[in-house]
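I opened this notebook to keep track of what I looked up, entry by entry. The sequence and model come before the notes.

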Amino acid sequence: MFKINLKIALRNLWKNKTYTAINIGGLALGLTAFILLLLFINNEKSYDTWDPQLKQVYQIRERHDFFTPDNKPRWQHITDSRIGNLLKEKIPQFSAVTKIDNGWGNSYSIKIENKEPILVSDIKNADSMFFKVFPYEFLYGDEKTALSKPFTVVVKQSFAKKLFGTDQVLGKQISVLAWRGDEAKPMTITGVVKDTETPETVAFNAMTHTGRREVDPDRPQSTNYCQVYALATQKLDTTNLNKTLLSTYITFKKANFAKREIKFEDFYKNGYNPGLKAVPMTEVHINPTVNSTWLEKIKPLIAISLFLLLISIINFVNLSTAQSVQRAKEVGVKKVLGVYKQQLVRQFLNEAAIQSFVATLIAVVLVEILLPSFNRQFDINLSFWYNNHLGTLLLQLFGLFLLITLLAGFYPAWIISGFNPVKVLKGNYETSFKGIALRNALVILQFVIAVTFIIGIGVIHLQNEYIAHKDLGFDRSKLINIATNYEDNFVERIKHIPGVQYVGTTTQVMGNSFNVPHEIKYNNQEYNLNTVTVSMETLPALGVEVVKGRIFGSQYKQDTVNTAVLNEAAAKLLGNDVVGKFYKSGKDEFQNTFQIVGVIKDYNNESFDKAVLPTVYKVTELGGTSSTNNLLVKFNTSQNKAVIQAIEKEWSKLYPNFPMQYTSLEAAFKKELQSGERIMQIMLLFSVISVALSLLGLFALSAFMAQRRTKEIAIRKILGASDLQLINMLNRSFLILVITANVISWPVAYILTRQWLTGFAYRIDMPIWPFVIATVSSVLVAILTTSMQARKAAVNNPVNALKYE
């Protein structure tokens with residue numbers, strides 16, 4: 001029986017090649033999007049699963065405001081380095097604790113004897129306990145002693161091969177430079193570890209040990225931040241553990257404040273609370289400290305993929321039921337011969353399974369074709385066949401195959417197998433067609449999704465255009481940012497290069513910003529401002545707009561001592577009329593008085609989801625950190641390449657062991673727009689597919705309705721109805737469906753796009769045009785699609801439909 005049913009299924013699929021191709025193609029497109037989503041989710045969930053011992057490793061997080069995006073206290077993965085020793089002494093549940101540099105720089109320079117230096121990322125520095133906490137597999141060397149001595153380094157196997165062409169590198173030396181003026185001290189390779197099979201949070205190419213992480217600040221008021229990880233003797237209950245950690249931390253902070261003559265209650269006020277907690281290593285990636293979680297980032301992608309798969313399934317159902325008239329007599333004959341309904345359901349489910357299986361195979365091929373582009377788009381490295389979780393993925397695909405077979409095949413199988421044999425063998429199908437309301441509802445749902453996509457594209461495009469052309473408050477043209485601190489010798493050299501107009505440094509520039517909170521006292525009131533350290537030529541280089549007063553100038557000697565410039569947000573916070581007035585910062589012998597000499601227009605130096613912070617600018621070491629790693633160079637010529645080459649030449653003379661890194665502020669600006677552009681590109685692609693599939697579904701239903709009303713159309717033609725009247729009659733019902741879908745999609749699209757827009761501090765007002773364009777285009781295209789099928793039915797000879805009546 002199975003063999004006969006399989007033959008019938010294959011013959012029917014081949015007989016209706018067009019419908020079969022549409023069915024399989026639609027499912028394949030929906031499955032492709034979903035498989036890509038599965039690969040991405042599996043990759044993100046696999047972080048820090050490369051060894052079972054990682055279940056006993058914990059990341060220590062401290063609550064503070066150091067370098068937070070909004071200068072407000074947050075949970076952060078960088079903690080006071082003294083926390084490491086505190087855990088060793090006070091928390092017996094931890095058997096080993098390690099401290100790792102956070103790695104502020106972009107890249108490190110690796111110098112091998114007789115070779116040119118190369119820039120490498122993911123070079124980290126740790127104390128001697130790193131490999132006692134993290135269970136890496138050593139291919140060469142001893143994990144117990146690999147980092148026991150200063151100026152030793154352990155490398156990954158792949159990195160060793162990249163540097164030397166072999167992984168047998170024990171005893172060889174490399175020089176690791178963290179910055180351009182770093183002393184090139186040679187480090188001995190004491191170990192080679194195997195690359196992990198799954199992604200890791202503490203990713204590294206080389207782990208160095210300089211001895212710096214063993215030393216904590218000796219002054220109570222000094223702080224040195226690093227990452228702290230601890231290995232427990234067994235998996236712990238984090239609720240109880242974190243209570244112990246918090247109690248220990250509060251005792252530690254009170255003792256520290258006592259040495260600094262600060263009251264604990266005065267420091268922790270206005271909602272600022274002390275905090276220390278442990279996060280299991282397996283949860284670190286899914287719960288980042290400041291950035292959004294990976295799940296929040298891909299929510300639009302999840303929704304789009306699910307909707308596309310849903311449209312594919314709806315399409316399958318509509319196309320299958322549209323063909324039911326052709327299968328009615330087959331069902332009637334089989335029922336007369338004694339075949340049960342359950343057997344018929346299985347037969348049609350088998351047909352659905354064949355189509356689902358072929359669609360899955362095509363989807364896998366499409367995934368392999370699209371993966372390189374997908375990887376580039378999201379800056380990841382996914383693979384289908386070379387996947388560490390291929391077994392899990394294949395199991396997920398099998399489950400998806402069964403689910404789609406049931407969802408897409410069961411309803412058509414149940415309807416077709418339920419035909420009345422007596423009536424269908426007489427040629428009367430009228431009472432055999434059930435579920436018209438459901439099919440109409442499915443078409444409406446298809447168009448709701450398609451129209452919502454179109455509206456979403458319009459809103460996202462307008463928002464991206466608004467940001468791309470928004471006045472940032474500074475001039476980003478002809479401006480590059482060299483990744484280095486301000487050094488007088490180098491600056492003086494490049495100032496003499498023709499085409500260089502300004503050279504300055506700042507802690508706040510697009511692409512590399514870090515905020516420093518600073519309390520000031522103005523008019524006997526305390527305010528918390530963001531502090532930016534700049535040099536004399538920074539604000540002119542940025543081309544900022546002066547609102548009141550002036551900016552810093554070399555002709556004013558006091559500017560390097562006690563003057564400040566505010567942005568509009570800070571001036572508004574202090575009461576607007578601030579030029580010429582004074583404020584105080586610091587306490588006791590560290591207190592300083594500054595005069596406000598000017599107010600500049602707010603300028604964006606971070607992503608557009610954040611509002612510009614009230615900020616004070618200073619040209620003085622009293623202004624805060626001067627280690628900016630930003631050197632701004634402004635050109636007054638369009639011959640940028642020649643000028644940059646001249647700058648690189650001067651750089652190589654002074655720093656031959658550290659290649660120069662730079663980026664244009666135009667490139668940094670475009671990078672800020674990438675996430676929005678990625679979403680729009682995916683929305684555009686999936687919207688085109690969803691609209692196409694929706695139109696195919698509408699085509700199927702119009703064909704179904706035309707077949708159902710063949711005799712009615714013939715009688716109307718005999719009674720004098722014109723072809724145009726018949727086309728309008730058939731179109732009317734579908735027009736109602738599409739308009740209904742638009743009415744439903746408007747509030748849905750409004751809610752979704754408004755929610756998306758709230759993620760931006762600077763955004764457009766909700767536009768009406770995307771809604772109008774989506775409605776008009778969907779109605780016109782739907783009418784065109786159904787009119788093609790309606791005309792085909794209207795021009796048929798009525799004799800052919802009625803000759804047997």
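**Ground rules.** I am working with a predicted model, in which local features need pLDDT of at least 70 and side-chain atom pairs count only at pLDDT 80 or more, while totals for chains, interfaces and linings use all residues. Residues are numbered from 1 along each chain as its sequence is written, and side-chain values use heavy atoms, with hydrogens and water left out.

**Entry 1, H2 and H12.** Two packed helices are described by the angle between their axes and the distance between the axes. I looked up helix H2 (residues 17–45) and helix H12 (residues 341–378), whose axes come within 7 Å and cross at roughly 50°. Helices here are DSSP runs of H or I with at least four residues, strands are runs of E with at least two, and both are numbered from the N terminus. The axes are lines fitted to C-alpha atoms, for helices over the stretch in contact, and the angles run from 0 to 180 degrees between N-to-C directions. H2 is therefore oblique to H12, given that angles under 35 degrees count as roughly parallel, over 145 as roughly antiparallel, 65 to 115 as roughly perpendicular and the rest as oblique. By class, the contact of H2 with H12 has 18 nonpolar, 6 polar and no charged residues; Ala, Val, Leu, Ile, Met, Phe, Trp, Tyr, Cys and Pro count as nonpolar, Asp, Glu, Lys and Arg as charged, and the others, Gly among them, as polar.

Within helix H12 I picked out Thr-360, which counts as buried at 12% relative accessibility. Buried means under 20% relative accessible area, exposed over 50%, and partly exposed in between, with a 1.4 Å probe and protein chains only. Leaving aside residues up to four places away in sequence, Thr-360 touches Leu-31 and Phe-401, where contact means heavy atoms within 4.5 Å.

Is Ile-110 buried or exposed? Ile-110, in strand S5 (residues 108–111), is buried, with a relative accessible area of 1%. Beyond four places in sequence, its contacts include Phe-159, Leu-163 and Ser-175. Ile-110 and Ser-175 are 65 residues apart in sequence but 5.7 Å apart in space, C-alpha to C-alpha.

The buried residues of helix H3 (residues 82–90) are Arg-82, Ile-83, Gly-84, Leu-86 and Leu-87, and they pack against several elements, including strand S1 (57–64) and helix H6 (238–260). The side chain of Arg-82 also meets that of Asp-80 in a salt bridge (3.4 Å, N to O), the term being used for a side-chain nitrogen of Lys or Arg within 4 Å of a carboxyl oxygen of Asp or Glu. Asp-80 is buried at 5% relative accessible area, and Arg-82 counts as buried at 13%.

How many salt bridges does a search of the whole structure find? The search finds 11. In one of them the side chains of Glu-666 and Arg-476 meet at 2.9 Å, N to O. This pair links distant parts of the chain, 190 residues apart, with Glu-666 in helix H20 (residues 665–708) and Arg-476 in the loop between helix H15 (436–468) and strand S15 (479–482). Glu-666 is partly exposed at 28%, whereas Arg-476 counts as buried at 18%.
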